[in-house]
There are 2 protein chains.
Amino acid sequence: MHKEISEPSAASSVSGNGAFTPARLALRRVLIDTYHENVAYMHRDCEIYRAEGFKALSKVEVRTNGRHVLATLNVVEDPSIVACGELGLSIAAFAQMGVEDGHTATVSQAEPPASIGALHRKLNGERLGLDDFRTIVQDIAQHHYSKIELTAFVVACNRDELDREEVYYLTEAMIAAGKRLDWRENMVVDKHCIGGIPGNRTSMLVVPIVAAHGMLCPKTSSRAITSPAGTADTMEVLANVELSVEKLQDIVRKHRGCLAWGGTANLSPADDVLISVERPLSLDSPGQMVASILSKKVSAGSSHLVLDIPIGPTAKVRSMPDAQRLRRLCEYVARRLKLTLDVVITDGRQPIGLGIGPVLEARDVMRVLENDPRAPNDLRQKALRLAGRLIECDPDVRGGDGFSIARDILDSGRALTKMNDIIQAQGSKQFDHNQPQLGALTFEIHATEAGVVTGIDNLQLARIAGLAGAPKVKGAGVDLLCKLGANVQPGTLLYRVYADFTADLEFARQACKKSSGYTIGEASEMPHVFVEF
Amino acid sequence: MHKEISEPSAASSVSGNGAFTPARLALRRVLIDTYHENVAYMHRDCEIYRAEGFKALSKVEVRTNGRHVLATLNVVEDPSIVACGELGLSIAAFAQMGVEDGHTATVSQAEPPASIGALHRKLNGERLGLDDFRTIVQDIAQHHYSKIELTAFVVACNRDELDREEVYYLTEAMIAAGKRLDWRENMVVDKHCIGGIPGNRTSMLVVPIVAAHGMLCPKTSSRAITSPAGTADTMEVLANVELSVEKLQDIVRKHRGCLAWGGTANLSPADDVLISVERPLSLDSPGQMVASILSKKVSAGSSHLVLDIPIGPTAKVRSMPDAQRLRRLCEYVARRLKLTLDVVITDGRQPIGLGIGPVLEARDVMRVLENDPRAPNDLRQKALRLAGRLIECDPDVRGGDGFSIARDILDSGRALTKMNDIIQAQGSKQFDHNQPQLGALTFEIHATEAGVVTGIDNLQLARIAGLAGAPKVKGAGVDLLCKLGANVQPGTLLYRVYADFTADLEFARQACKKSSGYTIGEASEMPHVFVEF
């Protein structure tokens with residue numbers, strides 16, 4: 001429906017030779033952050049709005065400067081926001097046009113995104129092919145979908161709506177839509193956890209250990225989406241994590257590892273957009289989780305991956321059959337992608353380590369690396385076992401030797417040296433694990449009865465740390481003084497909450513009043529999990 | 001999490017007695033029409049935004065004047081839209097607060113809507129109960145859901161995700177969320193069509209016929225959602241259709257019938273909100289369609305309903321098994337609601353009548369009422385049969401006599417008199433069916449080969465009429481000169497398109513170039529449907 005522009009004019013018109021000219025408007029940057037949805041603003045009295053029969057929430061196509069965006073239309077009645085003859089674009093949409101304020105653009109009713117037919121087939125319960133997923137993911141990455149269409153796609157692919165072949169297609173499509181790093185080595189190792197366990201900062205230990213062993217481990221991590229800290233948030237306490245792709249490559253070439261934020265590398269642009277609807281719905285279906293994780297790893301250039309699936313009553317995966325089903329799905333897709341995958345099912349009954357929140361977790365990590373007696377042993381043990389699995393990918397290492405090699409590297413201080421090299425290379429920040437900069441406001445939660453700690457709710461502790469301000473406020477969070485199996489008396493200190501703002505502290509306090517997240521009972525009531533380590 | 005306000009203050013604080021005070025901001029009406037989604041605008045540098053840890057697209061709760069709304073947060077960087085210390089609300093959200101610009105309100109992180117747990121259970125594939133649907137529909141009607149949550153609900157209830165008991169629950173919940181009219185009579189009749197057939201304006205004939213027979217038929221209709229005209233759009237050519245509930249009741253008491261727009265009566269507020277996501281996705285699942293139709297009829301006070309399900313290759317329902325399945329679902333839910341239902345499956349192979357678009361359809365209707373020889377016979381016959389079915393609900397009428405009673409009422413001019421009474425009562429407009437005010441711009445589509453018209457695509461003809469400007473431009477649309485079975489030669493005029501704006505005419509012309517919507521072939525290729533009449 002879109003013809004070449006033959007002449008500038010205010011409204012759509014038909015020129016002498018019968019060519020159709022779409023309407024032109026002056027672009028205006030409207031300083032509203034609509035997140036990952038492009039929004040266009042048009043005045044209700046604008047001649048174009050009337051004449052073109054646009055409708056509120058319909059999609060318009062805006063073209064100028066050789067570029068085009070699709071945007072959802074909001075109708076405006078205030079000329080100081082957008083006047084007649086102007087077309088407003090939200091911050092991100094305007095940036096995509098690459099022009100100055102006032103530049104003219106054509107605007108027309110948008111043809112639906114190319115993949116809408118495929119989306120409708122999925123909504124009708126049909127199975128999609130690789131090309132369908134490619135066009136859908138391409139449209140999503142290019143911001144052609146509205147929030148409504150994004151949500152429809154996510155919900156239509158929820159639960160078991162995708163078979164394993166479709167999960168592979170979706171993964172391939174997500175890889176194709178982004179950049180891909182090439183390290184020019186045969187073995188590039190990585191580890192990943194499906195998430196959901198607060199304090200689980202093993203990456204910051206595994207990377208220096210395996211890099212010290214000589215393996216290439218260019219770790220890119222996300223920031224927290226719903227959790228109180230992602231690896232990138234915690235690493236940011238120690239070092240700069242926002243690195244250009246060139247800088248990242250330099251560091252990895254020199255030190256064999258890095259701990260950077262993955263956002264700058266544009267490895268999976270569709271994933272970032274999908275998260276904008278998955279997060280508010282708390283949706284995390286197996287198919288989309290596997291596609292998201294494996295596509296990012298392949299795009300980051302990994303050849304070998306250890307994937308950690310924690311299992312427990314308040315973990316993402318709550319039963320062994322579910323964990324095994326997820327493992328098989330991961331293994332199937334990884335094989336199709338020629339990615340060597342080692343899935344480990346771990347104990348996810350409680351947070352790992354003591355601290356929850358960036359500064360508290362950085363403290364735990366540094367104590368493990370320093371072999372400090374206050375270091376949390378569960379974090380140390382888990383990191384050593386995961387590092388050991390990765391080290392056994394080395395053809396020169398005998399099966400079963402990985403753990404002790406990893407332990408030697410940690411105990412000898414070589415892991416600490418490697419970590420300090422990486423921190424220096426990325427740009428170090430002031431941090432002393434003996435004097436961590438914690439939030440100035442604090443309160444404590446004590447046991448009200450005697451017994452054994454039989455449950456620590458991952459979700460509630462994450463919620464409390466989040467309300468206290470983590471990860472935005474680096475020093476905010478929760479410091480656990482008792483873990484599963486501890487004997488407590490009335491008054492025993494269970495955990496301490498840190499915050500920087502009064503409101504945050506109060507939100508956290510009220511959440512603790514609703515539920516402390518701790519269950520005290522008898523030792524026999526403690527849930528058992530049978531995990532690989 | 002929300003406490004009573006103890007004292008005004010800029011940011012959240014804890015007072016001496018430990019009571020928690022949420023942040024206060026000055027409300028500002030932001031003249032942006034975000035349709036059925038409440039949007040709040042806050043400046044990025046606002047102290048509250050920082051301190052409360054709000055996130056883009058998170059939900060905030062705004063309270064003042066004894067009212068509260070939940071709104072999706074957009075972050076703004078332009079103080080002329082919303083300054084620090086202010087909270088902007090989109091037009092509809094602001095109206096819900098019932099205060100002046102500048103009035104202070106408290107703002108806090110919103111607790112999720114009460115029904116989010118039920119929504120998550122539906123997303124997980126569980127079956128919901130009546131109370132679940134009640135809280136969900138209540139939240140939807142009160143604008144507590146974001147577009148993302150609305151879409152998730154609609155998609156999770158798509159296809160066969162609702163069993164028939166759940167469809168009944170959803171219907172009951174939609175009735176409970178709106179107003180309900182009580183006509184204080186034992187028999188209140190209505191007719192409804194599931195839609196999808198252009199030109200199908202039988203209501204404007206059935207209402208005057210059955211009202212002339214003495215039955216109470218208070219017809220409220222919708223405006224077009226995706227179609228080129230709804231009954232309300234077409235009736236509006238002849239009379240005012242936006243009537244207060246009191247006025248509507250006066251007219252019905254006096255004339256036994258009306259043809260009004262249903263929007264003013266607030267009969268199914270949740271439905272209006274759901275449409276805002278169903279429309280852009282073209283979703284129309286059986287369960288939601290049945291709940292939407294039957295809830296509105298019960299809310300409008302109907303006791304007897306004739307429901308028209310057209311069937312054809314380009315109708316909403318395309319096979320007899322699908323039509324029968326839909327019929328059984330309607331009958332099941334109607335029985336639970338104690339609504340007497342008569343489902344008729346009709347011929348939906350092509351548009352009904354000749355005109356598509358408000359003025360053209362009003363012309364056809366008036367010609368049938370005037371017994372004008374140019375009146376389209378298919379429209380007349382279908383209206384008589386539907387009216388006959390309703391008339392047979394009258395216990396004094398013998399089964400099989402309805403059609404001839406309806407025909408007598410029409411042929412005698414009593415239906416025309418009744419229609420004129422209704423038009424006068426609602427407030428008549430200038431209209432002469434011999435000189436309809438059609439669009440000034442026009443083009444014609446001719447047959448390019450000889451043969452028989454074997455197909456007329458309802459969807460394509462509706463699309464062409466819509467692009468030409470219908471229903472916004474009352475005189476725009478398509479006038480059919482040939483119907484199914486007509487013999488044509490190269491050059492025979494198939495239809496004429498009317499528009500008022502050049503751009504509209506061009507959009508319609510380009511759509512006709514892609515496909516005229518007509519298939520010319522041999523008589524034997526014409527699709528057969530075996531319908532009740």
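Reader: What makes Ala177(B) count as buried or exposed?

Author: Keep in mind that this is a predicted model. A residue is called buried once 20 or more other C-beta atoms lie within 10 Å of its own. Ala177(B) has 25 such neighbours, so Ala177(B) counts as buried. As for its place in the chain, Ala177(B) sits in the loop between α6 (164–176) and β10 (189–193) of chain B.

Reader: Which residues is Ala177(B) in contact with, leaving aside its neighbours within four places in sequence?

Author: There you find Val137(B), Gln138(B), Ala141(B), Pro269(B) and Ala270(B). Take Ala141(B): 36 residues separate Ala141(B) from Ala177(B) in sequence, yet their C-alpha atoms are 6.8 Å apart in space.

Reader: Now a couple of loop residues. What makes Lys338(A) buried or exposed?

Author: Here the cut-off is 12 or fewer for exposed. Lys338(A) has 8 C-beta neighbours inside 10 Å, and therefore counts as exposed. Lys338(A) belongs to the loop between α12 (320–337) and β14 (340–347) of chain A. Its phi is positive, about 60°, although Lys338(A) is not a glycine.

Reader: And how do you know whether Ser282(B) is buried or exposed?

Author: Count again: 11 other C-beta atoms lie within 10 Å of Ser282(B), so with the limit at 12 or fewer, Ser282(B) is exposed. Ser282(B) isn't a glycine either, and has a positive phi of about 50°. You'll see Ser282(B) in the loop between α10 (269–281) and α11 (286–299) of chain B.

Reader: On to helices. Why are α8(B) and α13(B) called roughly perpendicular to each other?

Author: Angles of 65 to 115 degrees get that name. The axes of α8 (residues 231–238) and α13 (residues 358–369) of chain B cross at roughly 75° and come within 8 Å. That angle falls in the range, so α8(B) and α13(B) are roughly perpendicular.

Reader: Which residues of α8(B) and α13(B) meet?

Author: From α8(B) come Asp233(B), Thr234(B), Glu236(B), Val237(B) and Leu238(B); from α13(B), Pro358(B), Val359(B), Glu361(B) and Ala362(B). By type, the residues of this contact are five nonpolar, one polar and three charged.

Reader: Which residues of α4(A) and α6(A) make the contact?

Author: On the α4(A) side, Leu130(A), Phe133(A), Arg134(A) and Val137(A); on the α6(A) side, Tyr169(A), Leu170(A), Glu172(A), Ala173(A), Met174(A) and Ala176(A). Sorted by type, that contact has eight nonpolar residues, no polar ones and two charged.

Reader: One backbone matter: what is omega for the cis peptide bond that joins Ala470(A) and Pro471(A)?

Author: About 5°. Pro471(A) is in the loop between α17 (458–467) and β18 (477–480) of chain A. In chain B, the bond from Ala470(B) to Pro471(B) is cis too, with omega near 0°. Pro471(B) lies in the loop between α17 (458–467) and β18 (477–480) of chain B.

How values were computed. Residues numbered from 1 in each chain as written. Chains lettered and ligands numbered in written order. Predicted model: local features only at pLDDT ≥ 70, side-chain atom pairs only at ≥ 80, totals over all residues. Helix = DSSP H or I, 4+ residues; strand = E, 2+ residues; numbered from the N terminus. Contact = placed C-beta atoms within 7 Å. Axes fitted to C-alpha atoms, helices over the stretch in contact; angles between N-to-C directions. Parallel < 35°, antiparallel > 145°, perpendicular 65-115°, else oblique. Nonpolar A, V, L, I, M, F, W, Y, C, P; charged D, E, K, R; others polar.
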